[in-house]
Amino acid sequence: MRRCLCALWLAGAAGCDEVGRAVVSDATVDVRDAGDVTDARDASDASDASDVSDASDVSDASDVSDASDVSDAGDVSDASDVRDAGDVSDVGSVRNPSCARGLVCGVAGALSSCCAADPVPAGTFAMGRSLDGNDAFDVPNLEELPEHAVTVRAFALDRYEVTVGRFRAFVDAWRGVAPTEGAGALDDLAGSGWQSAWNTALPTTREALVATLHCAGGAEPWTDVPDGNEEHPMGCLDWYTAFAFCVWDGGRLPTEAEWEYAAAGGDENRLYPWGAAEPDCTRVAPLDGCRDPEDFFAPVGSHRAGVARWGHHDFAGSIDEWVLDWWDYYPRHGETPPRAVLTPTSGDRPQRVLRGLGLFGGYGDMRAADRGRADVTTQGGRTKSA
Ligand SMILES: [Ca+2]
Ligand SMILES: [Ca+2]
């Protein structure tokens with residue numbers, strides 16, 4: 001059985017300040033599970049997507065492993081005529097229902113299926129912000145502390161945020177059927193899958209689902225008919241819809257630890273997904289000071305200098321991303337961190353974690369260790385503790 005992870009991303013949108021909320025969109029990251037990826041380091045050596053021919057036999061992450069799966073610039077000579085599957089070799093190997101139409105993302109010379117995923121090897125990393133290490137940063141966010149060791153199993157994560165085009169396939173297929181109990185769970189982690197108690201949180205018809213996607217008064221990336229935004233990150237999804245999309249697409253939401261592990265480059269403990277260099281307009285969108293209208297909802301993967309260690313784009317900026325976990329403080333020194341926080345924290349307003357801030361983030365918000373949170377029904381906006 002195919003096991004994938006999906007990371008859903010929330011979107012920031014032009015005009016959000018005016019409407020008082022961010023647009024929550026969801027970009028996804030498909031993550032093949034540890035059970036399917038016995039050794040992602042080996043998998044990353046595989047270079048031929050044609051090795052994978054059967055959707056029922058997804059044995060490792062090499063099916064959509066990295067840029068080497070994609071025909072290179074020599075095969076894709078002109079971005080203006082490369083928007084179909086014939087020019088991008090990995091498109092046919094991707095089996096996500098959301099990419100059944102052969103969606104292509106990226107920029108000339110680096111095109112791939114919008115559903116391409118990159119393997120992330122197992123490892124241990126220092127989650128949270130350090131006080132004097134690579135990712136030390138002068139911010140008062142106590143919720144990023146203490147930095148603590150976390151071990152992550154191998155997985156594979158979508159290269160790009162989920163696009164409008166991918167989500168359109170979900171919308172077209174939606175008949176109000178919720179995921180089955182337990183769907184989208186992590187391997188060997190009871191209680192991490194879909195719960196039938198959540199079924200009523202989902203729209204019951206396609207029309208009702210579409211109605212939820214207009215959460216920013218016309219400033220959201222979704223359009224009822226394709227209108228130039230199909231390669232832009234999807235927005236306006238609450239946590240339940242994000243989860244349901246991932247399950248439908250053969251994946252699951254990543255855990256907060258998986259997200260930060262991939263964004264920080266694992267044991268490199270990067271300050272930003274790309275390293276230590278300060279954010280600029282070539283790495284993230286949108287960023288304070290980069291308010292070019294063309295930079296709002298830029299196509300996924302268009303800020304090439306912001307690529308993370310294992311090939312993922314737009315961790316920082318672009319769109320906020322839902323992860324599986326309930327928000328909680330990090331474990332104190334000496335406590336064993338959970339693989340994921342699966343029960344709401346006590347208190348009157350439990351929230352889920354958001355990562356990968358979009359919407360006019362400052363330098364601090366672009367860090368791999370930066371955290372946010374929001375109510376599960378939120379379609380835009382998040383809070384941070386200072
Ligand atoms: Ca860290
Ligand atoms: Ca992001």
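**A friendly tour of the model**

The largest nonpolar core has 80 residues, and Val-120, Ala-242, Phe-243 and Ala-262 have the most contacts inside it. Such a core is a set of buried Ala, Val, Leu, Ile, Met, Phe, Trp, Tyr and Cys residues joined through C-beta atoms within 7 Å. Buried means that 20 or more other C-beta atoms lie within 10 Å of a residue's own, exposed means 12 or fewer, and partly exposed is in between, with C-beta atoms placed from the backbone.

This is a predicted model, where local features need pLDDT of at least 70, side-chain atom pairs count only at pLDDT 80 or more, and totals for chains, interfaces and linings use all residues. Residues are numbered from 1 along each chain as its sequence is written, while chains are lettered from A and ligands numbered from 1 in the order in which they are written.

Colleague: Which helix gives the most to this core?
Modeller: Helices (H or I, at least four residues) and strands (E, at least two) are DSSP runs, numbered from the N terminus. With nine residues, the helix that gives the most to this core is H5 (residues 239–248).

Colleague: In E10, what is the bridge partner of Arg-352?
Modeller: Strands pair if DSSP finds at least two bridges between them. E9 and strand E10 (residues 372–374) run antiparallel, joined by three bridges. In E10, Arg-352 has as its bridge partner Ala-374.

Colleague: Is Asp-314 buried or exposed?
Modeller: Asp-314 is not a glycine, yet has a positive phi of about 65 degrees. With 30 other C-beta atoms within 10 Å, Asp-314 is buried.
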